[in-house]
Amino acid sequence: MTSIALLLPGQGSQYVGMGRDLADAYPRVREIYEQADEILQTPLSRLSWEGPAEELTATENAQPAILLHSFAAWQLVRSQIEDQVVVAAGHSLGEFTAHLLAGTMELPDALRLVRRRGQLMARSGSERPGTMSAIIGLEPAAVLEICERADSGVVVPANFNAPGQIVISGDVPAVEQAGQIAAAEGAKRVIPLTVSGAFHSPLMEVAAAGLREALDDVSMGEPLFPVVANATAQEVSSPEAARQTLLAQLTSPVRWVDGVRIMCTREPERWLEIGPGRVLSGLLRRIDRSQKAASVGDMDGVEAFTAA
């Protein structure tokens, strides 16, 4: 039996039209979108399929839209592979999706939870404005040292996405200062990101109480397969650990490189990125050139998976 690892995308992978082809081809996918609209009392299907892009990109909309797309795509392949999945991981928001697919939580709870998470994160960005920048071409130790040298506010490494690709997050002046230092220290590129807050940094602490309350309201069970947590880069196999790590990642860095390397120890024979986009497939190749992921998020991906 082929062993499979799942990758679940995070915020930024959304696009107008996501999931529309699947809903047109599969009545059960359309039913899932209709169910989500009813659960959230929000036209999530319309936002996903028609936009406008600005509204879909809003944190409180993008998060449930991405989770829903991944869940819908999963339903099309689940019966064929569920018992072959040996490990899963999701990038930021995607960690919540990973637990949904693992059965740690049910769809209604997951949708309400990530909607609330998005609202809290957006509010945090309004109460204490922050930003993020990608630093390309420097090692983790160098980026950490640069953040420590920046003295105009809080700035920390927030996403260890791939070798030579680290995102920093914090107060706007501090992120800008750290970016200038990084450029002077030999970074190949410093790319300011269009975000509504300083995600995965101490600035998100104002949202922690609200997210803790939301997590406590969700009924969780034992995951069917282990989920590698962003904050610890360790496998999670209990509902108690799931709550702790999902809360911790709000203010902790996404240790994606370490997490993928932990997944590799399971020696999966196939990798599948379930949901919109192919960002995580690209990061996987940068982390381990011997690995390659297939994308299952649109009709082309589903048909290619079925053919394989």
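In strand 9, tryptophan 271 is the bridge partner of alanine 5. Here strands (E, at least two residues) and helices (H or I, at least four) are DSSP runs, numbered from the N terminus. This is a predicted model, in which local features need pLDDT of at least 70 and side-chain atom pairs count only at pLDDT 80 or more, while totals for chains, interfaces and linings use all residues. Residues are numbered from 1 along each chain as its sequence is written, and side-chain values use heavy atoms, with hydrogens and water left out.

**The six-stranded sheet**

- Strand 1 (residues 4-8) runs parallel to strand 9 (residues 270-274), and four bridges join them. Two strands count as paired if DSSP finds at least two bridges between them.
- These strands belong to an open sheet of six strands with mixed pairing, in the order 8-7-2-1-9-10. Strand 8 (235-236) and strand 10 (293-296) are its edge strands, each pairing on one side only.
- Helix 5 (residues 59-81) packs on the sheet and touches strand 1, strand 2 (85-90), strand 9 and strand 10. Contact means heavy atoms within 4.5 Å. The direction of helix 5 makes about 150° with that of strand 9; axes are lines fitted to C-alpha atoms, for helices over the stretch in contact, and angles run from 0 to 180 degrees between N-to-C directions.
- Helix 13 (residues 279-287) also packs on the sheet, where it touches strand 1, strand 9 and strand 10. Its direction makes about 145° with that of strand 9.

**Helix 14**

- Met299, Gly301, Val302 and Phe305 of helix 14 (residues 299-307) are buried. Buried means under 20% relative accessible area, exposed over 50%, and partly exposed in between (1.4 Å probe, protein chains only).
- Seen down the axis of helix 14, the buried residues fall within an arc of 165°, so they line one face of the helix. The arc is that of the directions from the helix axis to the C-beta atoms.
- Asp300 and Ala307, on the other side of helix 14, are exposed.
- Helix 1 (20-25), helix 5, strand 9 and strand 10 are what the buried residues of helix 14 pack against.

- A second topic is an open sheet of four strands in the order 4-5-3-6, with antiparallel pairing. Its edge strands are strand 4 and strand 6, each pairing on one side only.
- Neighbouring strands of this sheet are turned by 25° against each other on average, direction ignored.
- Six bridges pair strand 4 with strand 5 in the antiparallel sense. Among the partners in strand 5, valine 167 goes with asparagine 159, and isoleucine 166 with phenylalanine 160.
- Strand 4 and strand 5 form a hairpin with two residues between them, and glycine 164 in the turn has a positive phi of about 80°.
- Strand 3 runs antiparallel to strand 5, joined by seven bridges; glycine 170 in strand 5 is the bridge partner of threonine 131.
- Seven of the seven residues of strand 5 are buried, so strand 5 is largely enclosed by the rest of the structure.

**Helix 9**

- The buried residues of helix 9 are Ala174, Val175, Gln177, Ala178, Gly179, Ile181 and Ala182. Their cover includes strand 3 (130-136), helix 8 (140-149), strand 4 (155-162), strand 5 (165-171) and strand 6 (189-193).
- The side chain of glutamine 177 makes a polar contact with the side chain of aspartate 151 (3.0 Å). A polar contact is a pair of N or O atoms within 3.5 Å; within protein, one must be able to donate a hydrogen and the other to accept it, and residues adjacent in sequence count only if both atoms are side-chain atoms.
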